[in-house]
Amino acid sequence: MTLALQFHSDILAPAVINGLATASLYGVLALSLVLVYRINRSVAFVQGGMATVGGFLYWYLTKDPAVSQFATKGLPKVPALGLVVIVGAVLGALYGSVVSNRMASYPRVTVTTFGLGAALFVVGLTGTIWQGVFETGIPGPFTGRVRIGSQQVSYHQMFSLGVLLVVCAALTVVMKATRGGIYVRAIADDSEAAEIVGIRVSAVGTAVWAIAGGLGALAGALIVPLAVLYETALIFVLMRALAAAVLGGFESFALAVAGAAVFGIVESSVGGGVFGTVNAGVREIILVVALLAGVVVINRKRLVAAVGGE
Amino acid sequence: MARIRQGARRYADVLPRGLPPWAYLVGAVVAVGWVRVASTTWVFLGAAACILAIACMGLTILVGWGGEVSLAQASLVGTSVYITGYALRADGLHWPFIPAAALGVVTVVVLSALISVPTARLSGMYVMVLTLGLQVTLERTLFTNARFAGGVESVYTGRPRFFGVGLDSDRAYYFLPFLVLVAVMVGLRLFRHSRHGRALFMVGRDRRAAAAMGISPLRYKLLAFMIAGVLAGVAGALTTPLYRSPPTSLAFISVQSLFYLAVPVTAGFGSLAGVVVVAFVFTMTPHALESVMRISPLLLGGAGLMLGTYAGPGGFGGVVLDRVRARREAGLLAAGEPGAAVAAPAGELDVRDEMTTSVGGGGGAR
Amino acid sequence: MTIATNRMLAGNDALGWNEGQLAALEVLERALPEQVHTGVVLEGTGLSRAFGGLRALSDVSITMEAARTTGLIGPNGAGKSTFFDVLTGFTVPDTGTVTAFGHDVTRWAPWKRAGIGMARTFQANHIATELTVEENLLIGGHLRLSGGLGRTALRLGRAYRDETAARATAAAVARLLDMERVLDVRAGVLDFGAQRRIEIGRALLGPARLLLLDEPTAGVDAVEAARLLGLIKQLQVDLGLAVLIIEHHVRSVLRMCDAIYVLERGQLIFSGSPDEVRQNERVRAAYLGDTSAL
């Protein structure tokens, strides 16, 4: 372990570019976590399952059956990506209608645990259907790469970053400027009061979950071209998305993206040797410390807000 | 003789109410006897199920009693597996089993206690995030370290001997986790009905009320995490000799922590016996179905976790237990009809005449 | 100090118990710590607390006499519960001090305050509904039990004797609350009023010298409320406890209390005897001219 950190500025620029690209991968997932948090103040671990669905489905739909031991479909990639998002949205809506109806009055921790169950179920399902999948080099919807400075950037990375920025902007606008956004805020503040003033809480909840589901599946599909696909791979990604969302204070979409960027850059700088050689374990500890600090800070803020609101 | 009877009375409530003595005899015969007739594969799975049940009881205490959800249990079990293994191996510390196991347990308890410190003031959701953080950290540090997680090339020294009895065969080894499981269950029952068990339970239900009764929620959260740590550690230490060489770390990664959580949630937090049943079902079903279709145990875990939480906070087993208890209580409530003793402490408040109905018993059975 | 003396000191000799309950009362009295009979048991001085921009409490002081029932009234949002939280340690005041039984407890945690005999209840029911009535009561007795993990789990020596004694006391309290027959029933099965009584009983099982009751009759019907208040008063008198009670039902409070404090918008607008409160214009105004309430 190198704890006496050195600084190599010459590899900082590539690390930044690389970090932004990495960040764009779990940024979308982080956005979906923030979205759910904004309506029901809980951490949507279920998004790990949504990402798994998205990743596996994208692989299943696009992989050429001729070179696969599984009966994959080999469909064109862009429509396949669209289909993945739709399936994710439908599953999200399904999940949302369960948690915002019968489980609406359950303690938050119980509902969160239900989400963990759903994620575990999905992981188990993929492990049952496609036993022993271990795929690398799954092509993204856009292939090829371009040189920016000294760094090779793939079209897939640029596409992911674009998706991230568009989704972030769209969610911000919807939440700030539309009636739906106002409903979501009202429900988050006091769902009973929202029900009384005529907001259909369960319908809005289901819709939000549908969007989150679509985003989760999209995130999963965007990640697999740059990762190894196996049964439990995407749960790791959830951890990073969570860190990004926490760093962003769980409230703002833009801050979550910034959190993902900071985190991605730190991660790739540390990993890329900007501070000397640091092993994966230390990187993980840095991740957890960042998470911990974020959690403590948010909690303090939230505590003040909650007590003051009484 | 009188002393024995007195002692028996002192501990009588440890056993579940209403089971006849022959039920225990039958239970004991079945629990021990099936090992003689089943194939070694099943016996091996039985030992694994006992170990799973021990680890999951740690979550029953932490989640069900203490009210905190931990997503780190699998990594704690894994840590103990590898530390114990390292202490045991000839190319490691080459210690005897008991000190090696103790090292594993102590390491895990310390980790579990450490993660409980920042969680003491945080709400449940953040505790989940932080424990998941611990899980991932252990996965990426200890589990990727070849010295501990060893891979196929390192080999354990074999299974322990106790009082001259070797536990080398799978059939013999089964009894070690089985007896530890029984001891853990008895210990937890005793704990649950002690001052500290009640205090922990109250902290899990209502921190403020517990604090008002002189119970420090911080201390009891720490205690809950430590108990969960001890049981994860013991489960890990028992896992080590089950295998010939360090098992793959895939058995202890994040999703496995969800799987561990699924067991007590499915069983319902009111029942330790339920945890054992669910641990056996989850361990053995995929194997039993193997000839028909291969299913991932995670699928069962996921389904159990979803159904368990969907059934309500008490879990699946909670629904069943509720029925049983409600029947007994209906009897008690009926016996407590208004009548004899009526609290009429009216004093200067002139409402004595209104106080002729029952205060305690009569109404209210849901 | 006997029950009879307590009654004499309180100038009250009402006998509301049956014989079994009288015996139970004696059991409980022996189990409780020696009560303080004269002087000030609890004093809050210049207590203020703001949440963000909202001043929930400004410069409120209170002096509670031993062996008396003190009432705390005021309209909704007057800051009664915040005041209670400050007194019991659930909220730290911005300024001011709290002294209980001669200790400056301003910065003590709630569980430490419980140790010197401050026992409180909450507005909504805060009991463990999955536990039996007996277990709920025993949780109140946490501080009177001794022994670490091993001794209590294995039920050895003093830990076992303490537990047995606590069970006897719990049974006595249950008899006083007329809940003896349901000791073995889960609290969640009982009706709301019964659950309220469990909470009061639980507070009694601690080393209680000072009971702080936050709207003990909230959510129960008028009959049950009257019965509960009667029970509380009787226990206070017979055991020589000091009681601070928040109560909405103003008429009952004025009847049962020896001193009354009135809060409005976080400020103490009046304190005095029930008679003085009845006559005070400002208190009447605080209740929106609803003189019938008094």
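**Helix pair in chain B.** I began with helix α3 (residues 40-65) of chain B and its packing against helix α11 (residues 217-239) of chain B in this predicted model. I find their axes 8 Å apart, at an angle of about 170 degrees. Angles over 145 degrees count as roughly antiparallel, so I noted α3(B) as roughly antiparallel to α11(B).

Next I looked up who makes the contact. On α3(B) I listed B:Ile51, B:Ile54, B:Ala55, B:Met57, B:Gly58, B:Leu59, B:Ile61, B:Leu62 and B:Trp65. From α11(B), the contact residues include B:Phe225, B:Ile227, B:Leu231, B:Val234, B:Leu238 and B:Thr239.

What classes of residue make up the contact of α3(B) with α11(B)? I count 17 nonpolar and 2 polar residues there, and no charged ones.

**Sheet in chain C.** I then turned to chain C, where 4 strands form an open sheet. I read their order as β2-β1-β4-β5, with antiparallel pairing. Which strands stand at the edges? They are β2 (54-65) and β5 (103-104) of chain C; each has a single partner strand, so one side of each is left without a neighbour in the sheet.

Strand β4 (residues 95-100) of chain C pairs with β5(C) in the antiparallel sense over 2 bridges. In one of my look-ups, C:Thr99 had C:Asp104 in β5(C) as its bridge partner.

**Confidence.** Last, I checked the scores. Chain C has a mean pLDDT of 88, and 92% of its residues reach 70 or more. For the model I wrote down ipTM 0.90 and pTM 0.87. A friendly reminder to myself: where pLDDT is low, the predicted coordinates should not be read in detail.

Note on methods
Residues are numbered from 1 along each chain as its sequence is written. Chains are lettered from A and ligands numbered from 1 in the order in which they are written. This is a predicted model: local features need pLDDT of at least 70, side-chain atom pairs count only at pLDDT 80 or more; totals for chains, interfaces and linings use all residues. Axes are lines fitted to C-alpha atoms, for helices over the stretch in contact, and angles run from 0 to 180 degrees between N-to-C directions. Angles under 35 degrees count as roughly parallel, over 145 as roughly antiparallel, 65 to 115 as roughly perpendicular and the rest as oblique. Two residues are in contact if their C-beta atoms, placed from the backbone, lie within 7 Å. Ala, Val, Leu, Ile, Met, Phe, Trp, Tyr, Cys and Pro count as nonpolar, Asp, Glu, Lys and Arg as charged, and the others, Gly among them, as polar. pLDDT is the predictor's confidence in each residue, from 0 to 100. Two strands pair if DSSP finds at least two bridges between them.
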